[in-house]
Every structure is written in C-alpha cells, then in structure tokens.
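Please look over the structure below.

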Amino acid sequence: MKTSITFITAILFMQVFFPSFAQDGGNASLLNEIRRLDAQSPKTAFDTLYHRFEANRQELSVGGEADVWYEWGNYFVRVYQIDSAISHFMAAQGFYEQAKDSLGLAWTWFQLAGIDRHIDNRTQALERMHAALNVFERMEDTLGISRSMLYLANDYNYLGEHEIARVYYDESYHFHQLLGDTSSMSRTKGNIGGMFEEDGNIDSALYYTTIGLELARKSKDTIELIRVYQGMSIIYRSAKQFDKEYGFLQQSLALSRQVNDPLSIGFSLQGFALHFIDLKNYDSAEWYAHQSLDMAKQMKNAQLTVNSYGILSDTYLQKRNFEKAFYYQKLDRQESDSLFNLKNANITKSMNSRYQVERREKEIALRNLEISRIDAQLTHQTNLRNILLLGLFVVMIFLIVIYRNNRQRQKAFELLKEKNHEIRRQRDLIKASDEIKSRWFINVSHELRTPLTLILGPVERILEKEKLNPIVENDLAMVARNARQLTSLVNEILDLSKMEEGKLTLHEKPVNISQLIRQNAAFFESVASRAGIHLNTAIEADVFMLVDPEKIAKIIINLISNALKFTPYGGTVSVSAECKNEFCIRVRDTGEGIGKDDLPYVFDRFYQSAKREKQGGTGLGLALSKELAELHGGMIRVESQLGIGSEFIVTLPVSRQVLPEDAPDEEVAEPEEVDQGEGAFQNLYSEKPLMLLVEDNVDMRQYILSICKNSFTVHEVENGLEALDFLGKRRPDLIISDVMMPKMNGYEFAKQVKNSPEWMNIPFITLTAIASEDEKVNILRIGIDDYLIKPFHPDELLVRAQNLIFNARQRESLDPKPDEDDEVSFDSQVLKRLETEVKENIANSEYNVLQLAHAMAVSERQLYRLLRRLTGLTPAQFIREIRMQKAMELIEQRIYPTASQVAYAVGYPNPSHFYTSFKKRFGKQPGTYL
C-alpha cells in the first residue's frame with residue numbers, strides 16, 4: 001500500500017545520525033561547541049557559530065572545515081530546509097574530496113542519498129547509497145555498513161523488489177545485532193512486517209512487526225516506537241480489526257505530540273482519517289485529513305501532501321460532494337506530477353528557456369512581416385527547424401539518462417546477485433554445522449540412558465528389597481532422586497532437539513485445564529511444606545481447552561519448581577488462573593527476584609545469571625516452557641523486581657476453549673503396591689526357562705543377569721551375529737536384546753528372528769534408549785512382542801519377561817503348529833480383526849465377550865476355542881491384554897496427566913481395579929511412569 005510505504009520510509013528519514021570525522025585538534029573544540037549549543041537550541045547554535053566559523057576559518061584544516069559543513073548540513077535536515085541542507089552537504093563533499101577523506105565522503109553521500117529519498121529521487125539515492133556502502137565495506141566501518149544496508153533495503157522495498165529488500169534487511173539486522181543497536185533492529189523487523197502487509201500476508205506481518213515492537217520498547221527510542229505503532233495500525237486496518245488499529249493510532253499520536261515531531265503527527269493524523277473512512281464516519285475522516293494537510297503544508301512535505309489530497313478526494317467522493325472530490329483529486333495529480341518534475345528539474349528548465357527564446361523570435365518575425373513576406377517565411381522555417389532540433393536534443397538527453405540509469409540498476413542487481421550467492425553459501429555451511437552438532441547432542445543424550453539404567457535400577461532394587469541403615473538409605477534415596485532428575489533433563493534436551501527439527505507435535509484433546517493446573521500444583525504441596533514455603537492456589541471455575549496435556553503439565557511443573565527453588569523459608573508461592581480475553585496462568589513467588597540485566601535472557605537456553613547467589617538447573621526448563629507455550633499459539637513472559645519476587649505469566653489464546661467434555665473431577669488414590677514372592681514364577685515350571693541375553697555393554701549384562709538369575713537360566717552374547725549362532729544350536733524360551741550393538745544391531749537381529757518360521761514364536765523383548773514415536777513404531781512393525789525404554793525398573797523387566805513366557809507356553813499347549821502356510825495367514829487375519837474390534841471399543845467399559853462374539857459372527861464357545869488356539873488366552877483375558885497394551889501406550893506418550901484418566905480412556909470405570917491389573921501385567925504401578 002502507498003500509505004504503509006510512506007510510514008516506513010518518511011519516518012526513517014528523520015533518524016539523522018551525527019558522526020564526527022575530526023582528525024586533528026584544530027576543529028575539535030569548534031565541533032564540540034556546536035554540539036553543546038545544538039542540544040540546547042539548534043537555531044542559536046547555527047546563528048552564533050556561523051559568524052565564528054567565518055572569523056576563524058583560516059585556523060581550520062581542510063578536513064576540519066569539511067566536518068563543519070557536514071554538521072551544518074545535518075542542522076538544515078533537522079529543520080526541514082532541504083535546499084540549504086543540499087548546498088552544505090555539497091560543500092562538505094568538495095572539502096572531503098580535497099582532503100582525500102574517503103570515510104567523510106561516504107557519510108556525505110549517505111546523507112545526500114537520504115535527501116534524494118525524501119524528494120522521491122530513488123534512482124540517485126540508490127547510486128549514492130551503493131557508492132557509500134562500497135567505501136564502508138572497504139574501510140570495515142560496521143556502523144556505516146549496517147545503516148547503508150538498512151536504507152538500501154527501504155529503497156528496494158519502495159520499488160516493490162521485496163526479495164532483494166529482504167536480503168538487505170537480514171544483513172542489516174545482523175550488523176545492528178553486532179552493534180547492540182536495538183532501535184535499528186526494531187526498524188528492520190518492522191519494515192519486513194510492512195512488506196508482508198503489502199503482499200497480503202497478515203500473519204507474517206504481525207509476527208515480524210510484533211518483534212519490532214518488543215525491540216523498540218527495549219531500546220526506549222520514542223521515534224522508533226511511534227513508527228512501529230503506525231505500522232501495527234496499518235496491519236490491523238488491512239486485517240479489518242479496527243479496534244486494535246484505533247488503539248495503536250492513539251498511542252502513536254500521543255507519543256508524536258509528546259516529542260513534538262511534526263512528521264510523525266502528520267502521518268498519525270492521516271492514519272486516523274483512513275480509519276474513519278473504513279468506518280464510514282466521513283465527517284471525522286474529513287477533519288483529520290485537513291489536520292494532516294495543514295501539517296504537510298507547514299513542513300512542505302510532498303509525500304504527506306499527496307496522501308492528504310488523496311484521502312480528502314476519497315472522503316468527499318463518499319460524501320457525494322463531487323465538486324470538492326474533483327478539486328482534491330486534481331491537486332493530488334498535480335502534486336504527484338510535481339514529484340516527478342523534481343526528478344527532471346534540469347530538463348524542464350531547459351525546455352522552458354528554449355520556449356521563451358522561441359516566443360521572442362516569433363514576435364520579431366511578426367513585426368517584420370510588413371517589410372518582407374519572404375523574410376518572414378524564411379524566419380518561420382528557421383524557427384521550425386530550431387524547434388525540431390531542440391526537441392531532438394531533449395529526446396536524446398532523456399534517452400541517455402534512461403540508458404545510464406538502467407546500466408546502474410543492472411550493475412546493482414549483479415552485485416546483489418553475487419552477495420545473495422555468498423549469503424546462501426554461508427547459510428548452508430552454518431546449517432550443516434548446526435545439524436552435526438544437534439546429531440551429536442542427541443546421540444550423547446541417548447547414550448546417557450544406559451548408565452542411568454545401571455544407576456537407577458540397582459539403587460531402586462536395594463531400596464525396595466533391603467533393610468538399610470537410615471544414613472545409607474537416605475544417601476541411596478538421594479542418588480535415585482538425582483538419577484531421575486538427570487533422566488528428566490535428558491528428556492528435556494531431546495524435546496528441544498525435536499522442536500528444532502520440527503518433529504515435536506501436539507497431541508491435542510479437550511482437557512479440563514483448570515483441573516490439570518490444580519493436580520500439578522498439588523504435587524508440590526509436600527515439597528513446599530518441607531521447605532517451609534506457603535503454596536497457594538487460586539483457580540477460577542473449570543475451563544476446558546483443546547491442548548496437549550503433557551506439554552502444558554511440563555510448563556506448570558517447570559514454573560512451580562523454579563518458584564520454589566528461589567523462594568526462601570517462610571516465603572509464598574501463588575498459582576492462579578483466569579479466563580477473560582485469553583486464558584492466563586500466573587505463578588508468583590516472594591523470592592529474591594531477577595535483575596533487569598538478566599530479564600531479557602531468562603528464556604534463553606542454558607542461561608545462568610552471574611549475579612545470583614543460588615544457581616539452579618541448566619537453563620533448559622524455561623526455554624522449553626517458552627517453546628511449548630508458543631507451540632500452542634500462546635506466549636510466556638516474566639515480571640520481576642529485586643527483593644520483591646517474580647511472576648511468570650503464561651497466556652493461551654481463548655480460541656482454544658471448547659465445550660466441557662466428560663472427565664473425572666477428582667483423582668482417585670492409587671492402592672498400595674502388593675509384594676509378589678520371587679519364587680512364584682519358578683513354581684510354575686519344573687526347570688528354569690532359558691533366556692538369551694544379547695547386550696554389548698558388560699555392566700548392563702551383569703545388571704540384567706542379577707535381576708533374572710533366580711527365575712531364568714541366562715545365556716549371554718555380545719551382538720546379533722553371536723545370538724544367531726546360538727539359535728542355530730539351541731532354542732531359548734525368551735530373547736532380550738539391546739538395539740545399538742556392533743557387527744549386527746538389534747533391528748537386524750530381530751528381523752532375522754521374526755522372519756524365521758523356526759524362531760518367530762520365541763517371545764522377544766527389546767531394550768532401547770531412544771524414546772521417540774518413530775522408534776516405537778519401527779520396533780512393533782518388526783513383530784517384537786514387547787519393549788522397555790532405558791532406564792527401566794528391575795521388577796518391570798522381570799514381570800514382563802515372566803508374562804511373555806507364561807502366555808507363550810499356554811499357546812504352545814493349546815495350539816499345535818499348522819502344517820500349511822495358508823492356515824497361518826488365515827489365523828493372522830482373524831487375530832488382526834479381533835484386535836481391531838477391541839481397540840475400536842476400548843473406551844467402552846461395558847464392552848464384553850458377548851459383544852465381541854457377535855461382531856465376529858460366532859458363538860461365545862466358538863470364540864473361546866478360537867482365542868485359546870490363537871493366543872492361549874480366554875476372551876476376557878484377550879480383551880484385558882489389549883486394554884493394558886493401550887494403557888501403556890497412552891502413558892508412554894503422556895496423553896493424559898493422571899493414571900485415573902488413562903483408566904477411563906481404556907474402559908476401566910474403577911481406577912483401583914485398573915491399578916491392580918496394570919501392576920500385575922507390567923510389574924509397576926502406572927503412577928511411576930507419569
């Protein structure tokens with residue numbers, strides 16, 4: 001849009017910089033005095049020192065005199081006296097050329113390019129700015145490079161070359177970031193937002209302009225803040241969100257008047273006029289347009305004048321006052337034409353002078369007409385010939401100018417093309433380096449799971465099975481607690497890695513988010529009590545939203561955990577939630593607070609304040625919380641004061657709110673774990689079953705052997721090749737295999753086993769350190785019966801192994817092997833259909849054997865015989881097994897925050913019954929996984 005370009009470019013022109021190029025002591029005092037008086041009264045500084053400069057001119061060096069002319073040029077820019085500014089900058093240019101000062105020349109071209117831009121001579125502005133940029137790059141002047149790239153980006157943006165502009169904006173942002181210039185960083189992001197608004201991409205426009213707004217507020221640059229407010233108003237006008245547009249216009253006008261910036265006031269008034277045209281309030285639009293026009297005439301700003309004429313023409317046209325509409329439309333065209341004429345002033349003056357000569361010659365010819373008709377005719381022919389020659393001359397000059405401009409533009413595009421190629425090459429190198437680092441980081445995190453298993457498993461087993469000295473027991477409990485914390489940290493690292501790769505997705509469902517907050521806050525009540533901290537919760541009436549409960553729970557747990565960590569004894573941590581224009585979660589503490597220097601970085605990964613006495617964590621929790629909130633379309637921010645405390649605020653869009661779904665109102669307490677004797681499994685068989693353990697880590701093999709030696713005869717091998725060799729000699733009752741091994745990994749070994757008719761029915765458990773969904777799917781596709789994720793509980797491994805062997809032996813006793821392949825294929829299809837039928841009705845607590853038999857078109861007795869033959873299970877056991885497998889899947893994916901909700905999801909109306917069945921099947925209570 002024409003208006004948005006005006007806001008972006010015209011206000012940027014007012015950001016005048018004051019570099020000093022003094023190289024000797026002769027003019028330093030004079031320049032310092034100019035700046036001192038200029039800060040008090042620019043007009044006084046100019047009037048006082050102009051005569052002093054003339055009097056002391058002989059004492060200045062050539063470079064010093066150039067600096068003075070340059071500073072005076074800046075003064076005339078500030079007071080909008082453009083012609084005077086041009087003459088003074090041209091004088092400065094001459095002195096810099098005489099002094100051979102390349103840097104001074106470059107800054108002079110930079111300022112002249114700004115003036116060219118102001119009078120809409122974009123071609124000359126581009127030429128001068130490219131020339132200045134070449135000098136800055138040769139002199140390695142970072143400030144000059146950053147500013148030149150920003151203005152080149154603005155020019156290409158104005159000319160509609162958005163792709164080129166975007167490249168320059170990105171480079172400019174990089175250099176301003178190195179300089180720590182948040183004001184210019186804001187300008188860069190805001191202008192990119194303006195380009196997206198022109199292209200009709202409102203979401204991207206809002207995204208980049210919002211970043212610009214945050215940076216402008218951080219920089220405390222009032223003029224830049226006004227510019228961003230005006231840019232936001234344009235975006236919301238395009239989006240037809242007039243209330244938000246009006247709010248930003250109010251803020252921009254108020255700040256403009258506060259700093260008394262005429263140009264900003266004029267464009268703010270113009271924005272109000274356009275706002276009221278959209279609302280069909282044409283009287284108000286007329287008033288604001290006239291106010292904007294008065295301001296434009298006061299400043300003699302051509303662009304603001306043209307915009308005001310156009311708005312007034314549209315307003316009177318809507319009011320059906322066609323006379324005034326035509327009048328202002330005519331003025332609009334005249335003023336627009338004048339912008340073009342400014343670019344071609346020399347040609348226009350030349351044509352006008354020649355026209356005056358022609359008139360005088362015609363008058364002389366008429367006076368002499370009576371003397372001689374022949375002489376008059378010759379004079380007429382001579383004049384006509386001169387006119388043709390002059391016209392041809394003018395056309396030739398015009399064509400030469402066009403050709404020269406096209407050549408310069410072509411050179412600029414070629415230079416830009418080379419820069420783009422280099423930028424892309426550097427970007428690809430950085431991207432490749434980042435990918436290598438990320439892969440290394442993820443692999444290290446996965447490798448940590450094996451030593452964590454070897455730490456956590458034995459410690460938990462000792463704590464559960466042995467009677468220990470209280471001091472030893474406390475020490476081991478501390479080891480177990482910190483091992484779990486390390487496991488949680490590894491999971492956070494993997495979550496951040498998935499998010500970087502775009503693989504972290506939301507598993508959204510309608511959730512009672514108020515209840516979710518209450519439950520997670522309740523987990524910390526005992527921790528707060530032990531620390532002497534008051535934990536208060538204030539949650540409004542239940543609100544149901546479409547969210548990923550696992551990821552929202554991570555945000556809440558991270559915030560409360562941090563608050564407790566930095567709150568002293570006797571302090572208070574408050575957790576509250578409310579839903580108005582957006583759903584807002586607040587976690588407030590009365591701790592030491594966060595310093596102003598640290599506030600901008602609290603959500604950066606691995607950030608640790610150097611000023612805090614108490615250091616906590618690795619700096620991943622808040623970074624992950626921010627990413628998860630933004631993944632939901634929300635945001636997280638912090639407000640803090642030293643000595644008073646901090647408040648973290650999470651907001652989620654109210655558009656996620658849904659109608660209430662059926663959900664448990666209260667958490668049902670889990671029953672106490674039932675101790676099962678270690679000899680129960682051995683009593684079922686006359687001899688110990690044979691287990692084949694495939695694991696390359698010696699410590700892990702010893703650990704698993706210590707778990708299973710009382711229930712199994714264990715044969716150990718180091719890799720898949722050795723395991724295949726053993727299978728060729730002897731058939732085991734159970735195989736437990738790791739995934740990552742030398743020579744032949746666990747995947748290849750499992751495929752060999754499951755594709756062999758001789759070995760395919762051997763129960764198979766896979767141990768993996770990778771907890772991703774793709775990994776789990778790959779394992780199950782191979783046909784593996786069960787898998788465990790490191791670190792795992794020793795009882796869980798033992799119970800799963802015993803259950804698999806028990807079920808396999810029941811099937812063998814009731815199911816003789818078929819002789820033909822077609823029978824195997826038919827049985828597989830029937831079993832697949834039975835599983836699908838149960839899974840489709842898994843949430844129905846009333847689903848029973850009779851309904852399953854009806855769906856399969858068989859009697860209950862036939863279904864019983866069929867399932868016993870295929871699986872060794874009764875129909876009721878089969879349904880329960882499918883429910884248990886689904887429950888474990890939901891728990892591992894963290895679909896629900898509590899075990900009770902998992903129970904309801906898999907068809908258990910009584911959570912206590914679910915806990916007992918789950919413990920019997922997997923060896924651990926479901927709550928230990930959550």
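## Helix 8 against helix 10

Helix 8 passes helix 10 in a left-handed crossing. This is a predicted model. Helix 8 covers residues 142-158, and helix 10 covers residues 182-198. Their axes lie 11 Å apart, at an angle of about 15°. Angles under 35 degrees count as roughly parallel. Helix 8 and helix 10 are therefore roughly parallel to each other.

Four residues of helix 8 take part: R147, L150, N154 and N157. They meet S184, R187, T188, N191, M195 and E198 in helix 10. By class, this contact of helix 8 with helix 10 has five polar, three charged and two nonpolar residues.

## Helix 15 against helix 16

Helix 15 spans residues 282-299, and helix 16 spans residues 302-318. Their axes come within 9 Å and cross at roughly 160°. Angles over 145 degrees count as roughly antiparallel. Helix 15 and helix 16 are therefore roughly antiparallel to each other. Helix 15 passes helix 16 in a left-handed crossing.

On the helix 15 side, the contact is made by Y282, A285, E286, A289, H290, S292, L293, A296, K297 and M299. Helix 16 supplies L304, T305, S308, Y309, I311, L312, T315, Y316 and Q318. The residues of this contact of helix 15 with helix 16 divide into 11 nonpolar, six polar and two charged.

## Nonpolar cores

The largest nonpolar core holds 61 residues. Which of them touch the most other members? They are F89, I115, Y156, Y168 and Y169.

Leaving out residues up to four places away in sequence, Y169 touches L150, A153, N154, N157, T188, N191, I192 and M195. Several of these also belong to the helix pair above: L150, N154 and N157 are in the contact on the helix 8 side, and T188, N191 and M195 are in the contact on the helix 10 side. Y169 itself is one of the residues with the most partners in the largest core. A second, separate core has 38 residues. Among them are L564, A577, V602 and F648.

## The chain as a whole

The secondary structure of the protein chain comes to 36 helices and 12 strands. How much of the chain is buried? Buried residues make up 48% of its 930 residues.

Take the contacts in the protein chain between residues at least 6 apart in sequence. Of these, 66% join residues at least 24 apart.

Technical notes. Residues numbered from 1 in each chain as written. Predicted model: local features only at pLDDT ≥ 70, side-chain atom pairs only at ≥ 80, totals over all residues. Heavy atoms only, no water. Core = buried A, V, L, I, M, F, W, Y, C linked by side-chain atoms within 4.5 Å. Buried < 20%, exposed > 50% of the residue type's maximum accessible area, 1.4 Å probe, protein only. Contact = heavy atoms within 4.5 Å. Axes fitted to C-alpha atoms, helices over the stretch in contact; angles between N-to-C directions. Helix = DSSP H or I, 4+ residues; strand = E, 2+ residues; numbered from the N terminus. Parallel < 35°, antiparallel > 145°, perpendicular 65-115°, else oblique. Left-handed = near helix turned anticlockwise from the far one by under 90°. Nonpolar A, V, L, I, M, F, W, Y, C, P; charged D, E, K, R; others polar.
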